[in-house]
Amino acid sequence: MSAQKDRWVSSLVFLLFCASSIPKCGSASLQLEPSPQHYFSGLEAGKASLAFFTPSVSPGAQPFLEQVESSAEALQDYGVSVVKVNCPKEDASKYCGKENALRKAFLFRGNRLIREFPTDALFDVNSIVANVLFALLFNEVKYIETLADLENIENALKGKSNVVFAYVPATGTAEHRAVMEAAFVYGTIHQFVLTTEAALLKAISHDDPDVSSAWLLFCHCQRAPDPAQPCRRTALAQPLTLLNIHRHLKLMGAPLVTEVAEDPEKISTVHLQLGLPLVFILSQKETQEADRRTAEFVAWQLLGKAGVALLSRDLVELNVLQRSNVALKTPDEGMPIQYLVLEDTDEVITLVEDKNKVKQIQKDEQEEEEEEDEDEKENNNQDIQDDQVVEAVSRDKKRELPLEQILVLTEENFHSSLSKAAQAVVLFYASWEAVSLAVLRSYSEVGALLKGTPGVLLSRVNCWDWPGLCSQENVTQFPTMRIYKEGQQSVTYGGMWGTEEMSSFILLSQVPCPLKLATMDEAEGYLRGEFPPELSSHHHPSLLGVFSTATSKAREAFEEAGNILSGHVRMGMYFEDDALVLSQKYSVSPPALLLSRSGGRSVEGIALSNHSVQDMVQMIRYELLDIFPEITVPNLPQYLQLGKPFLILFSAGDISEMESKEMLKLAKGRPQQAFVACWLNLKKTPVGHGILRTHFSTTPSLPLLLWVNLHAGGQVFKFPSEQSITEMNILSWLEKLQAGLEIPSSTLSEEDWKPPLPAYDFLQMMESSMPELSPHPGDTRAQQPPQSPAGDTARGDTATQEEPSQESTAEEFGSPGRNLRGTAPRLAARDKQGKRHSEL
Amino acid sequence: LGLALYTSSLCMVSGATFLYHDYCIIGAGPAGLQAAYFLQQAGRDYIVFERSHAPGSFFALYPRHRKLISINKQYTGKSNSEFNLRHDWNSLLSHDRRLLFRRYSRDFFPNADTMVRYLEDFASLLKLQVQYNTAIIHVTLEKNEQAWNGHYFLLTDQDRKNYKCSSLLVAAGTWVPNVVNFPGSEYVEGYETVSINPDDFTGQTVLILGRGNSAFETAENILGVTSFIHMVSRSRVRLSWATHYVGDLRAINNGLLDTYQLKSLDGLLEGDLEDLAIVKDKKGKLHITLRFYLENRNISAGIDSITLPQDELDNFATRAPYDRVIRCLGWKFDFSIYNRSLQMMPGKGNIKKYPQIKPSYESRGTRGLFVLGTASHSVDFRKSAGGFIHGFRYTTRAVHRLLENRHHGVPWPSTVYPITQLTNSIIKRVNEASGLYQMFSVLADIILLRENATAFEYLEEYPIGVLAELEMQTGRKAHNGLFVIIMEYGKNFSGADKDVFYYNRAVGEAQHAWQSNFLHPVIYYYKRLPTEREMRLHHPDWPLPRPDAIHHIVEDFLTDWTAPNAHILPLRRFLENCLSTDLRNFFAESCFLFAFTHQKLPPSCLQGYMRMQGLVGSQELQHHAVQAGLLQDYTHTDFSDDRPPYGHDGSQEQLMRDHGIPVRPLQHLVNTKDE
């Protein structure tokens, strides 16, 4: 506050200094002139001076002269010099000669006499300054006596300038001086009107004003829209001092409503500089007009008490409640802006007008914040859930899951149910575990998706209810999904826990893997994706092993690989006599794999040379990868496993044919590809925005080609956007990149995954309350009472000794006693935890 | 093992014939049968010797009034069989679901005959090797360097038949009645033989010596027909609901406390029985006097010559003569059959009725001799449940696991999990494990961390007293730090004179969990295994030496520690900070983002998503996560409009208002350093 005050005081001083710098003044405040002649000859044209003519010895004027001397300095600021003119004894001129004149002061401008003041009107500095300025500002400050006078002036000035009306009970007072001094500065801007008529004051104010004190009203005639309407008047609420008047005029001169479009924290207006609060009316595009009217209305009410600004939320990002409509910024340094939700404008006004209230709010908030800080220190938000899965599941727990399609299995019905179904899917989960419950939600969607699929039984086992069953089935982790065929052997699911992925696994598992194809027609149909019919709706690449009957070893390995890949890959095999014919169609000879993508439109023949099961699984997995895949959340891990850098094209939607062609050329060009060429559809995989946002502070234009060293160094290079995405351009860029000629745009964070927040340090809490746990047990053991066999009575004693210590520690750690200082919001925030059982 | 084969069946040693078995078990009570079950399951060569013709001979006699005070809870509202054992104090452990006690009795406090029947079934249904009518009357050692323990155990039965074993499991219980000898103690009837027919006590005045459950049980039986009952004992009455110790006076037997405090003539007295003397007057009434009055007198001289306390102190409390004095002082272990070379020594102080054993239940004097069941209660006397079926069924299993490792090279059973399952595995166990719950502060689950904390090994119900010997006793390695999971009551909560019902006794907030009073899980973290010395020197009030970090899961009224925010979250933070890693779960989409923005991935992504087992999450869940500010929704983002997140979405604000949760930008997820 004091800083603010200093600021505006200094600006005022500066202002006054400007005013006073018009005359060149000497350092001596009171000039002495040896004689009237001397004085008059020295008068400059236009310069005002106040002269006293004194005989050499005039004891009666002595106290008066003291006042004159002290007023000289004040008047000097206004370019008025105060001169004491010595009347030589022999002088009997106009001013010195008459006895009368010696009791007066004379105000000259140049050498023209403006006023003569009786010395009894100049009883102190205030009266001297007030009267002198009043005389000098005769034109600027109109003295009026009736309401009509005022109205006339106002009417004359409507739309032109504003009127400052001042009432002083008497002239020559400190208030009078203050008004005059203000008029000296502002007289050219506003029309000053002065009265000493109590009746006039009573006439213009509605309630009974105290006529014994001075009043100052600012009449907004410049802004008066309607000539028929009287000008709005704003009274100065503080005592009439130069500072207050200055402040008031400053405030009145400021725009009624400031429109702002930047962070309110950074805004500073004349109000804040003058130590007044600033009220922000938070506006939205839709309601801007209404908001502006509200703001103006409020501004009129608060004129002189607070500033009003209209803040457009659409232009400024506010991290506050959407509901907030008012913000209050106080001049105090470092005070955060309060965002409030207020019902009507009266609340805004009372908020500001009731200064105490503001202060109180501030104080409360400070305290609250301090408390919160304390809390923060205490628990550091440790008790706020930061696990996205756990939090999402607990927010969803009240929703009843549609699990009608899913059979609940128990220890009693597990085996009987499984043996009845040709294929039973079992989800093992724990009802308290978040990941399990998240998967259960997707599983319920699988149930809806596969509803009516013949031969598939969906079921679940809650391992929290049936731990024996789960351990018997060797389920150690939750969730686990298994497919039991005829209640016998089972396949454990190892894919993504998404609805689609699980459904696809269940459907694919229906068909033996590999599926034995009996005829050439079946084999052809299989490659086209039409056979078997139950899988025709699924668009997986099909893999057909073609074996001549002799190559049984390769076939066995293929079958074994099929067991491993069951549910994940569509596999068939054909080993009829005409297998050779089939394979030769695709220019391979058995044993061979035929890989059919997109419904048989492209079939690739791959010769089988290695007959180890593991290698075959590996090979099949590799062959199933696309050359230029669209990277999605579910398929990324498959490509990451290759351990290669990524050349990834970010596209706003589908990539253009040209880009696709060029990239495909690039990807196909190098058979032993050293990188994964892929693209990302931001529409389909919106999280890609997150990737771009992390690496680029400004928005890069799309499509955007990035080289990401995922496994070594983590540098991210951006393909120059001015170049077109062609194979040649990319290749030469890659060469430069490899040669180290390019600068990475960004780097993947190297950070370790540390604990997001500290834990409660119970060890430290316990140690400070129970020193026996301290790291040196030897020292404390000696002080412990020996554990005697007849320890019962002894134990009783220690118990009573321990009692108070327990209490004191409880206070120390704010534990059980803390509910005493709990405020209502705190209780509300914490009641979810339930304070104490005994209170339930 | 070869040795075992070689020595099996008959062998001749110095002329005597010995029947050899790897394991000999003395006693076919609950502990003996429980041990037999585990040995049988493991396919070991064992025999159980039982002096009676049927198992559980102690239960055939005791308790005299036939009411077991171990609870048999039929309904817990849960089907979890492991959890239900927390409230089934009578069943032994087996795979056979028929052998659950609730199938034998519907009584909450079952009849002792049911226990006998149950034990018979347990032995016969599981085909346990029990040799009945064989009372072992002598046990001695035979030194042999090739024996498992450097000696064989030679057992002799009442028929002078000899048996030889490599390992001896003593499950003989405590069955020798405690007696006090004082002048006139011959007038005292023992609990073992006293009439249980209330009619025999009609109108009588009775003095009961002792203050345990048997004393109160006896009193309870005759409360309605006696003129009055007085009960005298050195120690003050300890109520089990005040001490959490099931061996103290159970509420079911405490009728006499009621009548005493409700001024109905019955009463409790404190005094040392050793100072007591009883004299019988001519009418056959028994008078209480003090031993020192008799010091220089001949008791046979007749009552008239003996000073009675009321002669000097005419308001002496027990001046009224008694019709009967009954001794109910409990039992002690039968030390008599062990040769001195076995050094079966009684414990010191209040555990002198039990033999001295180590926390591994092995005798202090003889290697290879393990004490099981009630006789092993010195380990946790007046603390936990090791002296009772619902406790020693677990310690017996622990002993069996120690033996399997020591003699057969079968390491302690364990499961290896990826580190992402750490929180889950603890939560699962503290919520259902019965061994941890019943044998609180005695048996602990141990988590052994693998290198780089990417995986861990979970060991169940290891005796924490031998934590320092863990590697040797289990055959598992603990090089990378370990967690010890036990259950504890609050340090100052229970005790004979404590008010256990004081207001605000329960702690509700997770941050004050260390002040929890009721039984709650506690997790100790050690960067390395505590040494023997540290185990020896740790404070007696603490079950373990000072850990590197400790976590209390706040007590729960329902003993259900699955609340995501109050229980699981603080536990995860503790584990994360011990391991210095981030154990949060992430949806596949977050992992995808991390893969392109981070060189390292959090464990949840590494072990799930990267292995193609990402958590895709339904629409609703993703939406909730976005609302919580823990996942960013990019779907509606117009990339050309580079506005910060959430600008378009009022849900954040909605959230703030509804839950008072401060908005956390996603950066917290992406960049932990900023916090």
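Buried here means under 20% relative accessible area, exposed means over 50%, and partly exposed is in between (1.4 Å probe, protein chains only). This is a predicted model: local features need pLDDT of at least 70, side-chain atom pairs count only at pLDDT 80 or more, and totals for chains, interfaces and linings use all residues. Residues are numbered from 1 along each chain as its sequence is written, chains are lettered from A in the order in which they are written, and side-chain values use heavy atoms, with hydrogens and water left out.

**Stop 1: a salt bridge in chain B**

Select D96(B) and R98(B). They form a salt bridge, with the closest N and O atoms 2.6 Å apart. The term stands for a side-chain nitrogen of Lys or Arg within 4 Å of a carboxyl oxygen of Asp or Glu. D96(B) counts as buried at 11% relative accessibility. R98(B) is partly exposed, at 48% relative accessible area.

**Stop 2: the domains of chain B**

Colour chain B by domain. Domain 1 covers 19-176 + 332-402, domain 2 covers 185-329, domain 3 covers 414-579 and domain 4 covers 588-624. The bounds come from an automatic or database domain assignment. Now take domains 1 and 3 of chain B: their C-alpha centres lie 28 Å apart. Their contact (heavy atoms within 4.5 Å) takes 26 residues from domain 1 of chain B and 22 residues from domain 3 of chain B.

Domains 1 and 3 of chain B bury about 1,800 Å² between them, 54% of it on carbon and sulfur atoms. Buried area is the accessible area (1.4 Å probe) that two parts lose on being put together, summed over both.

**Stop 3**

How many salt bridges are counted between domain 1 of chain B and domain 3 of chain B? The count is 1. Select R397(B) and E461(B): their side chains meet in a salt bridge at 2.8 Å, N to O.

Across the interface of domain 1 of chain B and domain 3 of chain B, 13 residue pairs are in polar contact, both residues at pLDDT 80 or more. A polar contact is a pair of N or O atoms within 3.5 Å; within protein, one must be able to donate a hydrogen and the other to accept it, and residues adjacent in sequence count only if both atoms are side-chain atoms. Helix 4 (81-84) and helix 11 (389-408) of chain B each supply at least two residues of the side of domain 1 of chain B that touches domain 3 of chain B. Helix 11 of chain B gives the largest share of that side, 9 residues. Helices (H or I, at least four residues) and strands (E, at least two) are DSSP runs, numbered from the N terminus.

**Stop 4: the nonpolar cores**

Select L155(B), I446(B), L467(B) and V484(B). They have the most contacts inside the largest nonpolar core, which has 104 residues. This core lies between domain 1 and domain 3 of chain B, because both give residues to it. A nonpolar core is a set of buried Ala, Val, Leu, Ile, Met, Phe, Trp, Tyr and Cys residues joined through side-chain atoms within 4.5 Å.

Centre on L467(B). Leaving aside neighbours within four places in sequence, its contacts include I446(B), Y462(B), V484(B), Y526(B) and M535(B). Then jump to chain A. A second, separate core of 73 residues includes F117(A), A299(A), V308(A) and V352(A).

**Stop 5: where the chains meet**

Select D386(A) and R572(B). Their side chains meet in a salt bridge at 2.5 Å, N to O. The pair crosses between chains, from the loop between helix 12 (355-379) and helix 13 (388-395) of chain A to helix 16 of chain B. Is D386(A) buried or exposed? D386(A) counts as buried, at 9% relative accessibility. R572(B) is also buried, at 4%.

Next, T581(B). This residue sits in the loop between helix 16 (564-579) and helix 17 of chain B. Its contacts, leaving aside neighbours within four places in sequence, are W753(A), K754(A), P755(A), E576(B) and P603(B). T581(B) is buried, at 13% relative accessible area. Move on to helix 17 (residues 588-597) of chain B, where 10 of 10 residues are buried.
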